[in-house]
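Reader: Hi! I'm new to this one, could you walk me through it?
Author: Happy to, let's have a look together.

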Amino acid sequence: MDNTNTLDLVALIRQGAISTYPLLVCSVVLLGIVLERAWSLRGIVRSTARLTRDVVPVLAHGDWQGALEVVRKHRACPARRVFADLIEKERGMPLPELERVATERNFEEVQGAGSNLWVLGTIGSAAPFIGLFGTVLGIIRAFHAIALAGTGGFAVVASGISEALIATALGLAVGIVAVVFFNYFQSRVERIDAALRIGSSRVLEALTAGRRVHGA
């Protein structure tokens, strides 16, 4: 059976090793980051809203210890760490200082939520260019083969160009997937940031109300 016209992707990848191998590495890194971020960011917005709803009434009645118990029993999430820090530092700290602490802690948690997303952005930007680089090299090799053979015509270079274009196709595929997930996770991080800001504001309001209860 004649297999000369069969598209062998493995052979094409080996042919364009100088660019396709780095792209395969990028795809593995991409998959690892996507799975890790999807697991780490799961349910954070809902968890923040639930914890805020549970702890605010307790704080408003001035029950600091009870509020800490509510926070510590909640599932591990950024809101749990931020709220626990605010409640523990409440005693003797003026409201402006608590607001500063809330802002700093929220920033730290949002930075953590967005960790490694820069890698997705880098892969999304660089992968198409890596593929294009491999394609250019493949075309150069194809025309070099023409020069050595001393003959021309499309049939002579068609095979070489088809092998070269696999690098561009792979680069575009990896780049598109990386950009899609980068934008998706960026949107998730922005929602987490908004949820933490709202939750922290409500906790600070409840702390202020609780102080009035203690002062009454």
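**Helices, core and a buried residue**

Author: Let's start with a helix pair: H4 and H5 run roughly antiparallel to each other. Keep in mind that this is a predicted model.

Reader: At what angle do the axes of H4 and H5 cross?
Author: They cross at roughly 165 degrees, and the axes come within 10 Å. Angles over 145 degrees count as roughly antiparallel, hence the description. The crossing of H4 and H5 is left-handed.

Reader: Which residues meet there, in H4 and in H5?
Author: From H4 (residues 64-73), you have Trp64, Ala67, Leu68, Val71 and Arg72, and they meet Arg80, Phe83, Ala84, Ile87 and Glu88 in H5. Seven residues of this contact are nonpolar, three are charged and none is polar.

Reader: Switching topic, how many residues are in the largest nonpolar core?
Author: There are 42, and Val55, Leu59, Phe83, Leu86 and Ile123 touch the most other members. Helices H2, H3, H4, H5, H6, H7 and H8 each supply at least two residues of this core.

Reader: Which helix gives the most to this core?
Author: That's H8, with 10 residues.

Reader: Back to Leu59, what is in contact with it?
Author: Leaving aside neighbours within four places in sequence, Leu59 contacts Trp64, Ala67, Ile87, Val203, Ala206, Leu207 and Gly210.

Reader: And Asn106, is that buried or exposed?
Author: Asn106, in helix H6, counts as buried because its relative accessibility is 7%, and the cut-off for buried is under 20%.

Reader: What does Asn106 touch?
Author: Not counting residues up to four places away in sequence, Asn106 touches Val82, Leu196, Arg197 and Ser200.

Methods:
Residues are numbered from 1 along each chain as its sequence is written. This is a predicted model: local features need pLDDT of at least 70, side-chain atom pairs count only at pLDDT 80 or more; totals for chains, interfaces and linings use all residues. Side-chain values use heavy atoms; hydrogens and water are left out. Axes are lines fitted to C-alpha atoms, for helices over the stretch in contact, and angles run from 0 to 180 degrees between N-to-C directions. Helices (H or I, at least four residues) and strands (E, at least two) are DSSP runs, numbered from the N terminus. Angles under 35 degrees count as roughly parallel, over 145 as roughly antiparallel, 65 to 115 as roughly perpendicular and the rest as oblique. A crossing is left-handed if the near helix is turned anticlockwise from the far one by less than a right angle, and right-handed if clockwise. Contact means heavy atoms within 4.5 Å. Ala, Val, Leu, Ile, Met, Phe, Trp, Tyr, Cys and Pro count as nonpolar, Asp, Glu, Lys and Arg as charged, and the others, Gly among them, as polar. A nonpolar core is a set of buried Ala, Val, Leu, Ile, Met, Phe, Trp, Tyr and Cys residues joined through side-chain atoms within 4.5 Å. Buried means under 20% relative accessible area, exposed over 50%, partly exposed in between (1.4 Å probe, protein chains only).
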